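Please keep the sequence and the model in view while reading.

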Amino acid sequence: MITGRAGWWGRLRRVAARLSGRAGRRPKAPARRGGEGPTRDVDAARDTGPARDTGAAPVPPTDAGPGPGDVERRAQTTSTAAPRGREVDIPHGVLVASEWSWRLLLILAAAGVTGYLLLQISIIVVPVLIAALVTALIVPVTDCLHRSGLPRGVAAGLTLLGLIIVVLGLLALVGQQVATGYQGLYRQVVDGIDQVRIWLIRGPLKLSEAEIDNAFQSLGELVTTNQLTEGALRVSTTVGHVVGGLFLALFTTYFMLYDGERIWRFLVGFFPRSARVLADSSGRRGWVSLTAFVRATVIVAFVDGVGIMIVALVLGLPFAVPIGVLVFLASFVPIIGALVSGAVAVLVALVAKGPFVALIMLGGVLLVQQLEAHVLQPFLLGRFVRLHPVAILLGIGAGAYLAGIAGALFAVPLVAVLNGIVRHLAQERTTAETRQMPAPPPG
């Protein structure tokens, strides 16, 4: 009985397949390679033989082969399918470059937006950065006072008060020197202008006094009353910003000295938990690099200022101490600051003593700067900060272009911090890879 039903079921399916093939409008699919026709799969159900008698009711086979609709769809696909085109083979290097490109563009866009926002609030950012530099310089004094038994707040206040006294003392000394030598230098400047006037009249140019007077009058007309008023308003606004920024810098410096550890832990808390340990160690390594940079810069600036001041004193120049203080402060902007302050010293020598003494002063400035560039900077900055002079110069140029004087001042400290962080991250990655390497086989 089972065998009869299986044969009946197969014959019924073959009849349905023939009827479906005649009713279809598409041409009949060609026979497969090896003589296999489209109905071979249908006949396979009959060749499998009858089902094994297990005592259960017979169930019609469901997977004996494709149904009539499946045979028609397979025939249509076989007759109308076109050969697929060859896929494009993109080189691996191009794929890697494209992956890096969009990620770098995203990072640059984020950095650009962040920099733009910081420039908009530069009146707050600049005092905070100055406070960070000052804190990196004087925090060892606070730590020493705290270890001696003073409370942290008192130690921070005494350190900041001592810094203010030192700065005010230097400013008072410079003001006294300028007030004492101003009259003499003013007379020397007037005499120098008169000598230039006489040379223009009696020299090879043979200019008349009327032409020289008209030239000075034209120069005076360039500066109008409105321009002077606008300049005074800008100066008053700038002075207000400077005073406000000064108090903000002092306030921030005190709390960085007093509670810097808690502030840093608060900032680290913004990172995910899995990244807090690495963020904390990287930030502390960057702070060590910043501290080393500031101390090295102070030593270099002190040597520059004292050296050029000694040369000015030997030559008998006025404003020798103010020149030394100017060189000291300007040296915090590497390369450019020393160049500008040296030019001021040479200009004072030219006005006060003439061209011969100015040439000697120029030689002294170059000697001090060469000592700084070839002895102090390689020993201090290269040893503790590990910054190449090209990196320093490019950082100053980029900072000055993007943010002016403030950018030139903070560019190199920022590069020093980033250099320390990158080196620390690379070292941590190397250490992690070394730990994951399998141990060599014994023997």
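Of the contacts in the protein with a separation of 6 or more, 68% join residues 24 or more positions apart, a contact being heavy atoms within 4.5 Å. The model is predicted, so local features need pLDDT of at least 70 and side-chain atom pairs count only at pLDDT 80 or more, while totals for chains, interfaces and linings use all residues. Residues are numbered from 1 along each chain as its sequence is written, and side-chain values use heavy atoms, with hydrogens and water left out.

**Overall fold**

- The protein has 13 helices and zero strands, these being DSSP runs numbered from the N terminus (helices H or I, at least four residues; strands E, at least two).
- Buried residues, meaning those under 20% relative accessible area with a 1.4 Å probe and protein chains only, make up 25% of the 443 residues.
- The protein exposes about 30700 Å², of which carbon and sulfur atoms supply 68%, with areas taken from the Shrake-Rupley method and a 1.4 Å probe.

**Burial of H10**

- Eight of the eleven residues of H10 are buried, so this helix is largely enclosed by the rest of the structure.
- The buried residues of H10 are Ala320, Val321, Pro322, Ile323, Gly324, Val325, Val327 and Ala330.

**H9 against H10**

- Helix H9 (residues 276-314) packs on H10 at an angle of about 155 degrees, with the axes 8 Å apart, where axes are lines fitted to C-alpha atoms over the stretch in contact and angles run from 0 to 180 degrees between N-to-C directions.
- That angle makes H9 roughly antiparallel to H10, a term for angles over 145 degrees.
- Residues of H9 in the contact include Val298, Phe302, Ile308 and Leu313, and those of H10 include Val321, Ile323, Val327 and Phe328.
- By class, this contact of H9 with H10 has twelve nonpolar, two polar and one charged residues; Ala, Val, Leu, Ile, Met, Phe, Trp, Tyr, Cys and Pro count as nonpolar, Asp, Glu, Lys and Arg as charged, and the others, Gly among them, as polar.

**H10 against H11**

- Helix H10 (residues 320-330) and helix H11 (residues 336-353) pack at an angle of about 165 degrees, with their axes 8 Å apart.
- This makes H10 roughly antiparallel to H11.
- Ile323, Leu326, Val327 and Ala330 in H10 meet Gly337, Ala338, Ser341, Val344, Ala345 and Val348 in H11.
- The residues of the contact of H10 with H11 comprise eight nonpolar, two polar and no charged.

Conventions
Angles under 35 degrees count as roughly parallel, over 145 as roughly antiparallel, 65 to 115 as roughly perpendicular and the rest as oblique. Buried means under 20% relative accessible area, exposed over 50%, partly exposed in between (1.4 Å probe, protein chains only).
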